[in-house]
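Please read this report alongside the sequence and the coordinates. It takes up one chain, and then the interface between two chains.

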Amino acid sequence: MPTIVFIEHTGATHRVEAPVGQSAMQAAVNAALPGVLGDCGGSCSCATCHGYVDETWLSRLPPAESTEVDMLDCALDVKENSRLTCQIRLTQDLDGLVIHLPNSQI
Amino acid sequence: MSSEACAIIVGAGHGGSELAVALRDQGWAGRIVLMGNETPLPYHRPPLSKAYLAGEANEQSLLLRAEAAYERAQVERWFGVRVEAIDRARHQVTLSDGRELQYHKLALATGGRARTLPASMLSQPCGNVHVLRTLADAEGIRKQLSAGARLVVIGAGYVGLEVAASASKLGLNVTVLESAPRVLARVTAPEISAFYEQAHRQAGVDLRTHMQVEQLEMDSQGRQVQSVRCADGSVFPADLVIVGVGQLPNVELAQAAGLAVDNGVVVDEFTTSSDPDIVAIGDCSNHPSALYGRRIRLESVPNALEQARAAAATLCGKSKAYNAVPWFWSDQFDLKLKMVGLSQGYDQMVLRGEPASRSFSAFYLQGRRVLAVDTVSRPQDFMLAKRFVGERIEVDPAPLADESVSLKSLLPTSH
């Protein structure tokens, strides 16, 4: 099972195992990580699952589709490496993916 | 905070599940017992009319959070049991299996149930007639979805239209019967209703408005419905009937316990009911909206989650008023409808973009105030709409309709 490394804004690091096909958001919610809400259940409707993908991984993800891009445009504290974690589906290739979490989603 | 204290949460849907973990997060040191009358772990309801019917989701993939998350938060789970009564004087609940449990604090997150057809229309439960609220309902429906089958949907609200869209994509012959003059009459402007009626018809759905159902007619063995007869004499053959005629809040427990109930369990802005030791959240709650200056009951996942967070704070002795902007979403075909606010009382609706492009927004104004916005496949407008509505930003209609003027530029620059 691939592992995602979530790093809270405090620096606290969590290694979360999650099955292939699950979204990074759901993995974070299942691990009860502070900093990820995912209120719309992953339907790209709320931007409360916002995370910052580590630079070393950013280009290895499939690019964001237009709905995600549009939602992100108006999310809180958006940066170059911002992604909506509900749109990141885990594959074995993404084992070790590093995602930084914001201080707050709202 | 006593580690002996016990918080009982009645209802394990979106609100109950969120409250259970948020309560621990907020510092509740005692027992947290989450009770629900459904058997599965708490799950996402919105996909039941969409991804689940399409076969793209299952019980496991629908879970709100993995079992381990409740374990980690030390949330006890009593599922598949119904709370039958609350004795407020004794701070005790009684369950359907006879068990009793004392509480220090109680949360009602009982949600709602699907309204069923009156007996005059359908005199007995029937294997091919379904409502859609629970996973069990969706499982029953999914088994009967087969290409070429004739589906009659009664009610063109969100549930009815989403089911119609899903079924039509699966190759069923779909008829939608709506008694009102237009679809989504309760929640949107006539122009939006017209847009959705056209979208469904274009996809091959036989959508009839002004159509009052009179009776579901049984087959010769009296076991399955075979057709739906309407007041004007039309008869629609049906292999499957799905009823989406609204939701009734589950307030009976609160009512019997003597709590204030009026279109939901009446609570204040901190989610506290007429009993200081009881909160109520989500679809079952009637709460004050500072934004609209009236009490409202919302049937909305985001509302359930936000009220859950407010209730967790309240139960832990913190005062955090709940005043989130209502918002909702509905996915039908490729159309992503996202709505902000409540439009009742609007005096002008301004369209931004062309409905024919299948990407546009509708702003509901009261004077210069934006009461609500419906966005169709316009996520940016949706996100900005939350600010227009939430901050009561005043605008002139002309720039809203003018796509060469960015919505962002209409926001006050002090933010």
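How many helices and strands does chain B have?

## Basis of the model

This is a predicted model, in which local features need pLDDT of at least 70 and side-chain atom pairs count only at pLDDT 80 or more, whereas totals for chains, interfaces and linings use all residues. Residues are numbered from 1 along each chain as its sequence is written, chains are lettered from A and ligands numbered from 1 in the order in which they are written, and side-chain values use heavy atoms, with hydrogens and water left out.

## Chain B

Chain B has 10 helices and 26 strands, where helices (H or I, at least four residues) and strands (E, at least two) are DSSP runs numbered from the N terminus. Its C-alpha atoms fill a box of roughly 70 × 60 × 35 Å along the principal axes, and 57% of its 415 residues count as buried, that is, under 20% relative accessible area with a 1.4 Å probe, protein chains only.

## The interface of chain A and chain B

In this interface, 21 residues of chain A are in contact with 21 residues of chain B, contact meaning heavy atoms within 4.5 Å. The count of salt bridges between the two chains is 2, a salt bridge being a side-chain nitrogen of Lys or Arg within 4 Å of a carboxyl oxygen of Asp or Glu. One of these joins B:Arg309 to A:Asp39, with the closest N and O atoms 2.6 Å apart.

On the side of chain A that touches chain B, helix H1 (24-30) and helix H3 (66-73) of chain A each supply at least two residues, and the largest share, 4 residues, comes from H3(A).

Terms used
Buried < 20%, exposed > 50% of the residue type's maximum accessible area, 1.4 Å probe, protein only.
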